[in-house]
Amino acid sequence: MTTLSPENSLSARQSASFILGLHPFVRTEAWKFLTGYYSWQSSQDERLTVDSMRRKNYEALCQMYKKIQPLLENLHRNFIETRNNIAHDIQKLYDKDPLGNVLINKKRLEKILLLSYVCNTQAEYQQGFHEMAMLFQLMVEHDHEIFWLFQFFLQKTEHSCVISIGVGKNLDMLNDLITFLDPEFAEHLKGKGAGAVQSLFPWFCLCFQRAFKSFDDVWRLWEVLLAGKPCRNFQVLVAYSLLRMVRERALRESMSGDDILLACNNLIDLDADELISAACMVYAELMQKEVPQTLRDFFL
């Protein structure tokens, strides 16, 4: 790696994380590079400086929040409602493993999510963020790391999991992809299976978190999304690959939209590598065709 130019070195590292995945022992540190928390070209001293800066910035945001909290409570009805929603969602999380060991700190997680809601005007809190943020708390130790990794993840994935920004676009592109690659299935989804695709928004809101058998599988897919390999907006190819798993049955049994949705929701305990490989095959199939400009702009 040291013989490569900085540009090629960066590309090689990202490609390696895509093709091979990250070993659990290096995941915590590697995610800071994949998300942009650290620069790929930074030295150890520079990373120490950056981490100190991130910590101070986080603490400054916390202090700002304390000062404006009374104002928010008095003037913004949405603030109190959102705070209650966050507290409610956090309480529903399983915070212990099968042996009874505590996995997460709910109070810390609630504070981070509330701060994210106040500070990130692009991504207002939505149900599911609590599950995503929990995975960051399982990965790293300090609150400032959790907060910034969550923010950078949203930015690096182009807010594709945010309902008001990326989810609707994902669903539209998924429809376009089905129409282009599988006209027969598209026709069924416009007829008796109508409504199924638009009801798949939880896949995108949670970045497919509930489809996998382990947290390692979730992280594995998220690492591919962060690496941007083999293309942008890989999440739509993943969703298409999941739909393909129920396609034959849907057509054979002439399933309704509700039945297709139920079949999709039953796709659980999946293996991330197998799903990633299937999505890559879809991408390869797509690149062999004369792709419509809308799809080309979206993926390339």
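1. On a 1 Å grid over the protein atoms alone, a pocket is an open set of points where a 1.4 Å probe fits, with protein on both sides within 12 Å along at least five of seven lines; lining residues have an atom within 4 Å of a point. Grid points are joined across faces, edges and corners, and a volume is the space filled by probe spheres set on the points.

2. This is a predicted model, in which local features need pLDDT of at least 70 and side-chain atom pairs count only at pLDDT 80 or more, while totals for chains, interfaces and linings use all residues. Residues are numbered from 1 along each chain as its sequence is written, and side-chain values use heavy atoms, without hydrogens and water.

3. The largest pocket holds about 560 Å³ of space. It is lined by 26 residues, and L93, H130, E131, L206 and R210 are the closest to its centre.

4. Where does the largest pocket lie? It lies between domain 1 (6-157) and domain 2 (162-299), because both give residues to its lining. The domain bounds come from an automatic or database domain assignment.

5. Helices are DSSP runs of H or I with at least four residues, numbered from the N terminus. At least two lining residues of the largest pocket come from each of α6 (129-139), α10 (201-205) and α11 (215-227).

6. The second largest pocket has a volume of about 230 Å³. Its lining includes L72, H76, F79, Y117 and E124. Both α4 (77-91) and α5 (106-119) supply at least two lining residues, and α4 gives the most, with four.
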